[in-house]
Amino acid sequence: MKPFWSAFLLGLLLACAGIATFFYVSVSRRLELQRGLWELKPVLVLAKDVPMGHSLTFEDLSQRSFPAQFISPSMVPPAAVQTVLGQTVSMTMQAGDILLWASFADHSAPDACFVEIAPKVRAAGVTAREAMITRFGEQLGTPLAEPEPAAMPKVDASGEVSSIVVLTQDVPEGQVLEESMLAIGKRPSYLVTASSVPAEKLREVVGARAIVALQAKDALMWQMMDDAKQPRRVGSCILQAAPAQDEARARATREEAAAFVRGQEAH
Amino acid sequence: MTSSRRTRVILGLAAGFVAGSMGMGLVAGVVSYAVLKVSEVRLRAGWTLAPALVVARELEPGQRLSSDMLAHRDVPEEFVTSTAARPNLTAYVIDQMLIVPVHAGDVVRWSFFPATRGPEPRMESPFDYRIWEACETALAASPTHKRERTIEELLARLASRRGEAGR
């Protein structure tokens, strides 16, 4: 057995030496990498709050060091201090903020475009909204018919439960109610008011328009709906005016921005 | 050397190698882990890290942020000032148009977006930023408008402006 144990010992030593060398080399490399990541590198930071449009002075800046792994090429190094002194910052910054090259990005052209076309776009939106509100008012006619008083849902024999109309599914704002979306549900009487739709009125509300978003199992209420053909509620007016305003703004934005660029190209 | 003796030597060598590899591998693994952890703790000493929303890769102005362009990372707490977008507000940043060039690892700041860059230009409604974005997009498509797309282009302008001031 002696040769076996001599060879065993030799194998053991060789393996230990090999493994130890391998780990030593790889750990040394990892340590070096780790030290590199945490090595301190200086960057410029704001010493005080700086408003947009401010021209940077030496007093606005200070220097701080951070681990290299957190430093990016977007940050201004102290060596570039002369490049940034006297430059105008195009964004608001606060004391302690790291100075970024992006702080000097030139937004003058889109800013000029915005200042020129924003009032026109807003005006286009307001005009479209007011036209839609006027049209809505004209459709209402005068005088407005008095709404019928809502009947209180009936209470069952026990005197504790009422049958009312509930939603079977989610219904988005503006959707016309279909029969499949409605069902009769029972609710404790103390939760039921004259706003709730009585079970026997289910067929009457089919075809009405939901003027707010509804969720499955919601108890339907009269003020959540309006006549789809002859709307008279403020919610319906908003439902018509808001998209008209959005559409007018979007169209004006496209057209005015294109016109501004054409004007720039012509100069 | 007889055949049986040679077999015993090879067997012994192999057994020793396997036993040594396993034993030393285990010990060296534990020691290496401990050394690296101790070193990391020593290097991190004095730095308090805070979670931040960072840019995952280099991006140009005009690009709209999506979730794959963003990452959460711990950074020195000094980076997370009130102008930085906190990770819990990621939803507000998604789909916003960047107006500056950024690099991977940059902490996302509200000043990177048109509506929150500063008090000017004055946005009167929450939808006004779309006008600014439309201007940016229309200008970017114009052959006559020179938009700085990278930090290098921005630096070149700053350097030339400084040169002009020096003359």
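Helices (H or I, at least four residues) and strands (E, at least two) are DSSP runs numbered from the N terminus. The model is predicted, so local features need pLDDT of at least 70 and side-chain atom pairs count only at pLDDT 80 or more, while totals for chains, interfaces and linings use all residues. Residues are numbered from 1 along each chain as its sequence is written, chains are lettered from A and ligands numbered from 1 in the order in which they are written, and side-chain values use heavy atoms, without hydrogens and water.

**Helix H5 of chain A**
- H5(A) covers residues 234-266, and its 33 residues should span 48 Å at 1.5 Å a residue; the end C-alpha atoms are 47 Å apart, which agrees. The expected span is 1.5 Å times one less than the number of residues.
- Among the buried residues of H5(A) are Ser236(A), Cys237(A), Gln245(A), Arg249(A), Phe260(A) and Val261(A).
- Cys237(A) has a relative accessibility of 14%, whereas Cys16(A) is partly exposed at 24%.

**Helix H1 of chain B**
- H1(B) runs over residues 3-44; these 42 residues reach 60 Å from the first C-alpha to the last, close to the 62 Å expected.
- Gly12(B), Gly16(B) and Gly20(B) are buried in H1(B), and its buried residues also include Ala28(B) and Leu36(B).
- Helix H1 (2-38) of chain A is part of what covers the buried residues of H1(B), where contact means heavy atoms within 4.5 Å.
- Gly46(B) follows H1(B) and has a positive phi, near 95 degrees.

**Contact of the two chains**
- Chain B gives 77 residues to the contact and chain A gives 64 residues.
- The two chains bury about 6100 Å² between them, with 71% of it on carbon and sulfur atoms. Buried area is the accessible area (1.4 Å probe) that two parts lose on being put together, summed over both.
- Six salt bridges are found across the interface of chain B and chain A, each being a side-chain nitrogen of Lys or Arg within 4 Å of a carboxyl oxygen of Asp or Glu.
- One of them pairs Arg117(B) with Asp111(A), at 2.6 Å from N to O.

**Disulfide**
- There is one disulfide over all chains, counted as a pair of cysteine sulfur atoms within 2.5 Å.
- This disulfide joins Cys113(A) to Cys135(B), S to S 2.0 Å.
- Cys113(A) lies in helix H3 (residues 108-140) of chain A and Cys135(B) in helix H3 (residues 129-140) of chain B, so the pair joins two chains.
- The link of Cys113(A) and Cys135(B) is left-handed, with -75 degrees about the S-S bond.
- Both Cys113(A) and Cys135(B) are buried.

**Aromatic pairs**
- Nine aromatic pairs occur over all chains. Rings of Phe, Tyr and Trp (its six-membered ring) pair if their centres lie within 6.5 Å; planes under 30 degrees apart count as stacked, over 60 as edge-to-face and the rest as tilted.
- Trp38(A) and Phe70(A) have ring centres 6.0 Å apart and planes at 80 degrees, so this pair is edge-to-face.
- The pair links distant parts of the chain, 32 residues apart: Trp38(A) is in helix H1 of chain A, and Phe70(A) is in the loop between strand S2 (61-67) and helix H2 (81-84) of chain A.
- Trp38(A) is buried at 9% relative accessibility, and Phe70(A) is buried at 4%.
- Ring pairs link Trp38(A), Phe66(A), Phe70(A), Trp47(B) and Phe79(B) into a cluster.

Technical notes:
Buried < 20%, exposed > 50% of the residue type's maximum accessible area, 1.4 Å probe, protein only.
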